[in-house]
Amino acid sequence: MISLNVNGKNYRVDVPEDVPLLWVIRDHLKLMGTKYSCGIGECGSCTVHVNGKAERSCTIPVGQVKGKKITTIEGLPDNHPVKRAWIEEQVVQCGFCQPGVMMQVAGLLSAKPALSADQIISKMDDVICRCGTHLRIKKGIRKAAQLMTRREVRK
């Protein structure tokens, strides 16, 4: 049995330690926001946070995350600046990759909310949206950064 903390809840799953975290999240915990796409960590659709850092869940063996805090898109609060920005800027087209993209952005902006356009591009370069909403994603990132900066000022 492996003990996991996902979205603030503790779970025990009976799986081998080498099973990818993605499959535990989807098949055992029934959290379907984290998507499978490439299976080799190249596209970003499976991105979750492990101890606050954006990670590709398709390449992480579940045994490697025991005792760590895992957050999926379902664990990101509805009022999170990234979720709000995605809605306000109407970023999504098909939406398949967007949970992973949003988790990548949330991790990026929590580390450094004020980013230049070039920094945004370089930090998001390894996330693929097959619909081609990259320009809207970039707009959403700028909006989320503004929302996060305002929230930081209010604290």
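How many bridges join strand 1 to strand 5, and in which sense do the two run? I started my notebook with that. I found two bridges between strand 1 and strand 5 (residues 69-71), and the strands run parallel. I then looked for a facing residue and saw that V6 stands opposite I70 in strand 5. I note here that the model is predicted.

**Entry: strand 1 and its other neighbour**

I turned to strand 2 (residues 9-13). Strand 1 pairs with strand 2 in the antiparallel sense, over five bridges. I looked up I2 and found V13 as its bridge partner in strand 2. Strand 1 and strand 2 make a hairpin, with two residues between them. I checked the turn as well: N7 has a positive phi of about 55 degrees.

Next I asked how many residues of strand 1 are buried. The count is four of the five in residues 2-6, so strand 1 is largely enclosed by the rest of the structure.

**Entry: helix 3**

I compared the length of helix 3 (residues 98-111) with what its residue count predicts. At 1.5 Å a residue, its 14 residues should span 20 Å. The end C-alpha atoms are 20 Å apart, which agrees.

Then I looked at burial. I found 12 of the 14 residues of helix 3 buried, so this helix is largely enclosed by the rest of the structure. Among the buried ones I noted Q98, P99, G100, V101 and M102. L108 and L109 are on that list too.

**Entry: the largest pocket**

I looked up the largest pocket, and its volume is about 170 Å³. Which elements give two or more residues to its lining? They are helix 4 (117-124) and helix 5 (134-154). Helix 5 gives the most, with four residues. Sorted by class, the lining has seven nonpolar, one polar and two charged residues.

**Entry: aromatic rings**

I searched the whole structure for aromatic pairs and got one. W23 and Y36 form this pair, which is tilted. The ring centres are 5.2 Å apart, with 40 degrees between the planes. W23 lies in helix 1 (residues 21-28), and Y36 in the loop between helix 1 and strand 3 (47-50). The pair therefore ties together parts that are 13 residues apart in sequence.

Last, I checked accessibility. W23 is at 28% relative accessibility and counts as partly exposed. Y36, at 40%, counts as partly exposed.

Definitions and conventions:
Residues numbered from 1 in each chain as written. Predicted model: local features only at pLDDT ≥ 70, side-chain atom pairs only at ≥ 80, totals over all residues. Heavy atoms only, no water. 1 Å grid on protein atoms, 1.4 Å probe; cavity = no way out; pocket = protein on both sides within 12 Å on 5 of 7 lines; lining within 4 Å. Points joined across faces, edges and corners; volume = space filled by probe spheres on them. Nonpolar A, V, L, I, M, F, W, Y, C, P; charged D, E, K, R; others polar. Buried < 20%, exposed > 50% of the residue type's maximum accessible area, 1.4 Å probe, protein only. Pairing = 2+ DSSP bridges. Expected span 1.5 Å × (residues − 1). Phe/Tyr/Trp six-rings, centres within 6.5 Å; stacked < 30°, edge-to-face > 60°.
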